[in-house]
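Take a look at the model below. Then follow the text through its rings and its metal site.

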Amino acid sequence: MLRAVRITVTGVVQGVGFRPAITRLALSVGVNGYVKNLGGGEVEIWVEGEDRKVELFIKSIEKGITPTAKIEKIIINDAKPNNFNEFTIHKSSSDSLLISEVPPDISICEWCLKEILDKENRRYAYAFNSCAWCGPRYSIIESIPYDRDNTSWKEFPLCPSCIEAYNDVSDIRRFHGEGISCSYCGPRLNLLDNDLKLLNVRDPILETAKLINEGCIVAVKGIGGYHLACLASDDEVVLKLRLRKHRPRQPFAIMALNLEILKKLVLVNDKAEKLLLSYERPILILPRTADANVSPLVAPGLNTLGVFIPYTGLHYLLLMNIKDKFAIMTSGNPTGHPMIIGEEDLKKLTSVADYFLVHNRRIINRVDDSVIRFTRGEAVFLRRGRGYAPRWIETNLRFSRPVIAFGSDLQSTGAIAIDNKIIPTQYIGDVDEYECYKDLEKYLYRLCNYYKINPKDAIIVSDLHPLYSSSLLAENWSNKYGSELIKVQHHKAHMASAMLDNLHDIDEPAVAITIDGAGYGEDGAIWGGEILTWDSEKIERKAHLEYQIMPGGDLATKYPARMLVSILSKILSEEEIVRLFERRGLIHYFPHGFEEFQQCISLAKSGRGQLTSSTGRVLDSVSVLLQLCKERTYEGEPAILLEEHASNGREIKLLTSDLINYKDGIIPTTKIICQLAYWIDNTTSQDIAY
Ligand SMILES: [Zn+2]
Ligand SMILES: [Zn+2]
């Protein structure tokens, strides 16, 4: 009996070689019809033929797909046969029936890599080799569906050989691969000098490697933006990079040619190995080996290194020719600005980079490298970017109206929500900086556009902080579109996201401990050490760390010694504080020395100033007590150094009656710090950090 079905498949099904795989499946099973991309990111398949063959086809869909595709839903509707006499790939349509994911960037696959390393292959040493299973996606997509014409590839018409491969159903990885190319028809590499003048070199990659080997810093255009590349083993080179980037201590990431090289630098367990080799290729923060040939200036004061392995042919070809087989690959951003993606902005990097390795495939969406660390053996995102963005997160909630969320200001990410899904933007950065602010707006617009959300119909959500740039942007949108605006307290938002992450049933109560640096509180204080409860209707603050004054406001975040003075001044006299600081050699932690120190004590003793219950500020003060951090040069630095220092520590006894019998939901941090100050001469600083 003849049967026809219309099948709709959602998930990561565009840009991952799905339609070619379906075509091969149809041909092997012997059914007719078509497959095409739809505008919501989903794929429509029509098959007709003998009943049992159609049945076999449906059963085989999941088995027949490519390694990077991910099926979420298969919807099957019976239809009247249309008498197709072949199976073909139809032109995409922009109709959208369902929503499906915009594909993330996928690292070069092993087969494409083999080709560029094979001297006999026509793609030998071709830096942009990619196929239906791999290559850039989100970073080069202008609109969905994912078709060549909707991406930066549209500027590179296929050559006859590539057209042949595109139409050859037996070419498993290139048949209807939207992002294929070769050295004849693909992007061109060029090397520019510091005046951005084109250098006449035969092989720009080899020349770049040579320059890096000689100690130069070269800006290299990658998938989602520019990197700065230089030797990681040479103190002088790393120091040069730090000085030029005005980045005194924040660690730089290292890219190593392969796992074997990487294992000489860091300790890699099975979990880490899997992630390093995954197609997302994140940066992992791992413990460094004792004899890693890496300059101490790469990650000052830390026993860890941020590492990753190449994710494009370009990176492989470059690393192969670098003498160490590993190199610093840090974001190519001018101080305080987002990573550069376009050649028109290269002049902003001329004070940092000596040379520029550029190419002419446009980057549409900036996507920073993702960064992951392990906390108690579990992988935790520090930054969600390339490889993961803009994949969605499914929740156990259903949003009756679309939501557009603007995040907070520091290290921020926006998000939209539709149906039961939350789709975060890629990592944006510090939105208090104008370019990042514009980026937040740009990428929220793009998500709305990809997923066909009209801001008029959406609920706008922002942080409660009245002065955050992200809050102002949200207000602008709300005014412009007349949409409802909801302001959410920072840590309540953290609790809600933790509940969603754990698929917590919202009808059940929950408790959260939020350990954070800063978030605007409902009482105008800066919160960051809160115990919150959920009773299936609302989140309430039940307890928090004792309020401490931040003498000098934000200065107390930059110079953590101010926090230590503030906390101690509640119990100790001025003379006692002076004695302690002199004994610990901490007076010079104040840039202006003793006078500034004294002024800080008076400020603290006056009881006036911004109040905070931040855990970060308490940890900062311990970090000062242990002489670990004088000035915070990057987000979380004092606490990160403290954590490192604690790794060899043992537990010390604190007088717990002081700490547990707290009243009115206030956890007495002053008493904790004072007890630590008494311990300081009687045990190791590692124990105190612990
Ligand atoms: Zn490939
Ligand atoms: Zn070609």
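Phe590 is buried, with a relative accessible area of 1%; buried means under 20%, exposed over 50%, and partly exposed in between (1.4 Å probe, protein chains only). Phe597 is buried too, at 0%. The ring centres of Phe590 and Phe597 lie 5.4 Å apart and their planes meet at 45°, so this pair is tilted. Rings of Phe, Tyr and Trp (its six-membered ring) pair if their centres lie within 6.5 Å; planes under 30 degrees apart are stacked, over 60 edge-to-face, the rest tilted.

This is a predicted model: local features need pLDDT of at least 70, side-chain atom pairs pLDDT 80 or more, while totals for chains, interfaces and linings use all residues. Residues are numbered from 1 along each chain as written, chains are lettered from A and ligands numbered from 1 in the order written, and side-chain values use heavy atoms, without hydrogens and water.

The count comes to 17 aromatic pairs. In one of them, Phe381 and Tyr388 have ring centres 4.8 Å apart and planes at 85°, so they are edge-to-face. Phe381 is partly exposed, at 36%. Tyr388 is buried, at 13%. Ring pairs also join Phe406, Tyr445, Trp477 and Tyr481 into a cluster.

Now the metal. Cys159, Cys162, Cys182 and Cys185 coordinate the zinc ion (ligand 2) through their SG atoms, at 2.2 to 2.3 Å. Donors are N, O and S atoms within 2.8 Å of the metal (3.2 Å for Na, K and Ca); water is not among the atoms, so sites may look incomplete. The spacing of these donor residues in sequence is C-x2-C-x19-C-x2-C. Both Cys162 and Cys182 are buried.
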